[in-house]
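Please read this briefing alongside the sequence and the coordinates.

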Amino acid sequence: MDADRAETVRQEGESPREPSGSQASLAQRNVITEARPLPLVPFAHPSEAEFAKLLDFYGVRWLYEPRSFPLRWEGGRVVEMLTPDFYLPDLGLYVELTTLKQSLVTEKNRKLRHLRELYPDVNIKLLYKRDYHRLLAKYGYGPLAQENVRGINRVLITGGQLQRRVASLGKQISTDYLDKQPVLIGVLKGVFCFMSDLIRHITVPLSVEFMSISYYSEGGPGVRITKDLDTDITGQHVLMVEDIVDTGMTLHYLVNYLYTRRPASLKVCTLLDKRVRRLAEVALDYVGFEIPDEFVVGYGLDYLERYRNLPFIGVLKPEANEEPQQPPRRRQKKRSK
Ligand code: IMP
């Protein structure tokens with residue numbers, strides 16, 4: 001992605017490290033990871049078993065506690081080490097879960113900082129209780145899945161800002177695809193406002209396709225494509241259009257899938273990038289806005305199917321609970337985006 005082109009709505013915050021797994025390596029492997037049943041792993045904590053299930057939903061391969069990293073030595077003896085809970089080989093990422101109280105997380109953070117200093121090539125992410133609850137809420141589980149709609153707190157991106165940015169993305173895409181006829185693939189439903197505005201700012205001939213996916217919690221885990229492409233994209237220049245990239249897991253799945261169709265090229269355009277929440281690093285070629293770690297609605301994006309018709313991007317009202325910044329995703333067990 002050309003980072004300069006993304007408007008950053010948020011300035012502060014952690015910038016995730018570049019992982020060893022990139023979109024290029026995904027393309028070379030050209031595989032879809034299949035969902036599989038959980039192996040019999042003696043997890044130390046129920047949250048780890050839940051997290052493994054979520055990874056299986058996305059078809060992301062994982063290893064449980066595959067390696068320990070020595071952190072401190074005394075007289076040649078290791079006196080402190082960290083064994084990350086998971087390694088995700090497809091993403092080149094170690095994940096350490098913490099369901100502890102926020103106050104106790106400080107110690108884990110210290111260890112992670114130390115690990116990064118000693119092993120700078122290791123890509124590791126600490127997943128907090130709130131992150132974990134958000135992932136669960138996506139499937140209708142956990143405490144965050146029980147919250148109620150509570151209205152808009154503030155406008156994050158105005159209608160005017162949206163229109164200006166979409167126009168400039170359209171201009172850039174028109175330049176980059178000057179001699180080509182791209183196929184734009186939108187991922188329903190959240191993308192419909194963005195996609196319809198974007199194509200009106202693209203001046204090269206193009207065609208449009210839509211895909212739809214659901215996350216099932218019954219009948220076996222896995223992201224399911226509920227609406228596939230209507231045409232063959234082999235040898236075509238494909239531009240995937242997304243409303244928002246959050247953990248990046250959905251995009252990771254779809255990009256893998258589309259590569260099996262052997263397009264001539266595959267790029268990704270997203271209106272919103274919640275970079276700070278990224279787990280799966282998939283390269284983004286066009287980004288409208290980089291936004292903070294908050295749950296946003298409007299301009300096609302919904303909360304429990306509401307708010308799609310807002311002409312701006314807004315942040316939902318926080319509630320007095322452990323998750324003041326971001327409400328849950330949908331409650332349904334089976335849902336489409
Ligand atoms: P990911 O797989 O975690 O990147 O999830 C991407 C999908 O989650 C998006 O396409 C949206 O459907 C949904 N999503 C993530 N964050 C938000 C948000 O802030 N508002 C509305 N939907 C969101």
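M81 sits in strand β4, which spans residues 77–82, where strands are DSSP runs of E with at least two residues and helices are runs of H or I with at least four, both numbered from the N terminus. With a relative accessibility of 43%, M81 counts as partly exposed, a class that lies between buried (under 20% relative accessible area) and exposed (over 50%), with a 1.4 Å probe and protein chains only. This is a predicted model, in which local features need pLDDT of at least 70 and side-chain atom pairs count only at pLDDT 80 or more, whereas totals for chains, interfaces and linings use all residues. Residues are numbered from 1 along each chain as its sequence is written, and side-chain values use heavy atoms, with hydrogens and water left out.

**Surface patch**

**Surroundings of L97**

- L97 belongs to strand β6 (residues 93–97) and, at 7% relative accessibility, counts as buried.
- Not counting residues up to four places away in sequence, L97 touches S47, E48, F51, D85, F86, K108 and L127, contact meaning heavy atoms within 4.5 Å.
- The C-alpha atoms of L97 and K125 are separated by 8.5 Å, although these residues are 28 apart along the chain.

**Aromatic pairs**

- A pair of aromatic rings is described by the distance of the centres and the angle of the planes.
- Rings of Phe, Tyr and Trp (its six-membered ring) pair if their centres lie within 6.5 Å, and planes under 30 degrees apart count as stacked, over 60 as edge-to-face and the rest as tilted.
- By this rule the count comes to 10 aromatic pairs.
- F69 and Y119 make an edge-to-face pair, because their ring centres are 5.0 Å apart and their planes are at 65°.
- F69 lies in strand β3 (residues 69–74) and Y119 in the loop between α3 (102–118) and β7 (124–127), so this pair ties together parts that are 50 residues apart in sequence.
- Both partners count as buried, F69 at 0% relative accessibility and Y119 at 18%.
- Y87 and Y94 form a tilted pair, with 4.4 Å from centre to centre and 40° between the planes; Y94 is buried, with a relative accessible area of 9%.
- One aromatic cluster is formed by F43, F51, W62, Y64 and F86.

- In soluble globular proteins, nonpolar side chains tend to be buried together.
- A nonpolar core is taken here as a set of buried Ala, Val, Leu, Ile, Met, Phe, Trp, Tyr and Cys residues joined through side-chain atoms within 4.5 Å.
- The largest such core has 43 residues, and those with the most contacts inside it are F51, F86, L88, M240 and L258.
- Helix α7 gives the most to this core, with eight residues.
- Since 11 of the 11 residues of α7 (residues 249–259) are buried, this helix is largely enclosed by the rest of the structure.
- Leaving aside neighbours within four places in sequence, M240 is in contact with I185, V187, L251, L254, V255, L258, L266, K267, V268 and C269.
- A second, separate core of 29 residues includes I173, V191, L198 and L272.

**Salt bridges**

- The structure holds 17 salt bridges, each defined as a side-chain nitrogen of Lys or Arg within 4 Å of a carboxyl oxygen of Asp or Glu.
- The side chains of R61 and D90 meet in one of them, at 2.7 Å from N to O.
- This pair links distant parts of the chain, with R61 in the loop between α2 (46–57) and β2 (63–64) and D90 in the loop between β5 (86–88) and β6, 29 residues apart.
- R61 is partly exposed, with a relative accessible area of 40%, whereas D90 counts as buried at 4% relative accessibility.
- D230 forms a salt bridge with K227, the closest N and O atoms being 3.4 Å apart; D230 counts as exposed at 62% relative accessibility, and K227 is partly exposed at 26%.
- E281 and R275 meet in a salt bridge of 3.3 Å, N to O, and both residues are buried.
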